[in-house]
Amino acid sequence: PQAASVQEIQTSHENLAKINSAAQLMQCSAVIDILFLMDGSYSIGKGTFERSKHYAVKLCEALDVAPDKVRVGLIQFGSVPRLEFSLDSYSTKQELKKHLKQISYRGGSTQTGLALKYILRKGFPGGRNSSSVPRVTILLSDGRSQGTVAQAATQLKEKGVVLFAVGLRYPKWEELHALASEPLESHVFFAEHFYDAVNGLYTTLNMFSFCNAKPTGCQMESFPCERKTLETMKELQGNFMCWKGSKGYSPFTSLCPYYR
């Protein structure tokens, strides 16, 4: 029985290696402009921000990054939107991934509406000003915005921008659904389900013929897909004494809620 379990583990690893090598072959090779809109507000926190960067890096691994193919840019937003790099900044995947990893978390309030209006006003910085080039915005956020977001998102979609919403941490799904392009099940994902989210977004890009990802000598097959809906519940567990500061030798403590 022990030998069998080792065999199963080895087989599992071999299958995973095949899947990974297939993913490396399946490069999205197309003339397309992709702009990440990354939430760097205090409600996200530095840990989740680092995970969202990792998500962006993994997605970029499946893109054929080149000046005449896939261009990628990134805006980080908190209280104000900040262009981290434009779509024409990096011409190779290695350069792009290196600078993605170096982006610093900035904090601030969650002004998603201002970030969307920034794109409406400035367009896709460094992108190709041609109606024949598809434009895709990938929002990475917990969807807990200050101010209104729906109107700016609607205006972007009316201009032909395809909007994906990737939920982080404990997402406010109603807002992310209101922002994303239709059909929602192809444009809204949960980043915590890491490979599902990367594969789902990548599959949608292929499904809408944005990308041609069929490498030479490969045959494409379609398989039925099982769809599951996940609900995340935040539950109050109780309170604990937490440090608030001190004055001289007198510490100030308070009761803080503990959630799971």
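Predicted model: local features only at pLDDT ≥ 70, side-chain atom pairs only at ≥ 80, totals over all residues.
**Helix α2**

Begin by selecting residues 46–61, which form helix α2. Display the side chains of E50 and K53: they form a salt bridge whose closest N and O atoms lie 3.2 Å apart. The two residues stand three positions apart in α2, so about one helical turn separates them. Is K53 buried or exposed? K53 is buried, at a relative accessible area of 4%, whereas E50 is partly exposed at 32%. The structure as a whole holds ten salt bridges.

Remain on α2 and select R51 together with E192. Their side chains meet in a salt bridge, at 3.7 Å from N to O. Because R51 belongs to helix α2 and E192 to the loop between β6 (188–190) and α7, this pair ties together parts that are 141 residues apart in sequence. Both ends are partly exposed: R51 has a relative accessibility of 45%, and E192 one of 39%.

**The β2–β3 hairpin**

Next, select residues 70–77 (strand β2) and 81–85 (strand β3), which pair in the antiparallel sense over four bridges. A hairpin of three residues joins β2 to β3. Within this pairing, locate F77, which stands opposite P81 in β3.

**Helix α4**

Proceed to residues 112–122, helix α4. Which residues of this helix are buried? They are T112, G113, A115, L116, Y118 and I119. Then select G123, which follows α4 and has a positive phi, near 75°.

**The loop between α7 and β7**

Now select E235 and R260, whose side chains meet in a salt bridge at 3.5 Å from N to O. E235 sits in the loop between α7 and β7, while R260 is in the segment after β8 (250–259), so the contact ties together parts that are 25 residues apart in sequence. E235 is partly exposed, with a relative accessibility of 39%; R260, at 53%, counts as exposed.

In the loop between α7 (194–207) and β7 (236–247), select K234 as well. K234 counts as exposed because its relative accessibility is 52%, the cut-off for that class being over 50%.

Definitions and conventions. Residues numbered from 1 in each chain as written. Heavy atoms only, no water. Buried < 20%, exposed > 50% of the residue type's maximum accessible area, 1.4 Å probe, protein only. Pairing = 2+ DSSP bridges. Salt bridge = Lys/Arg side-chain N within 4 Å of Asp/Glu carboxyl O.
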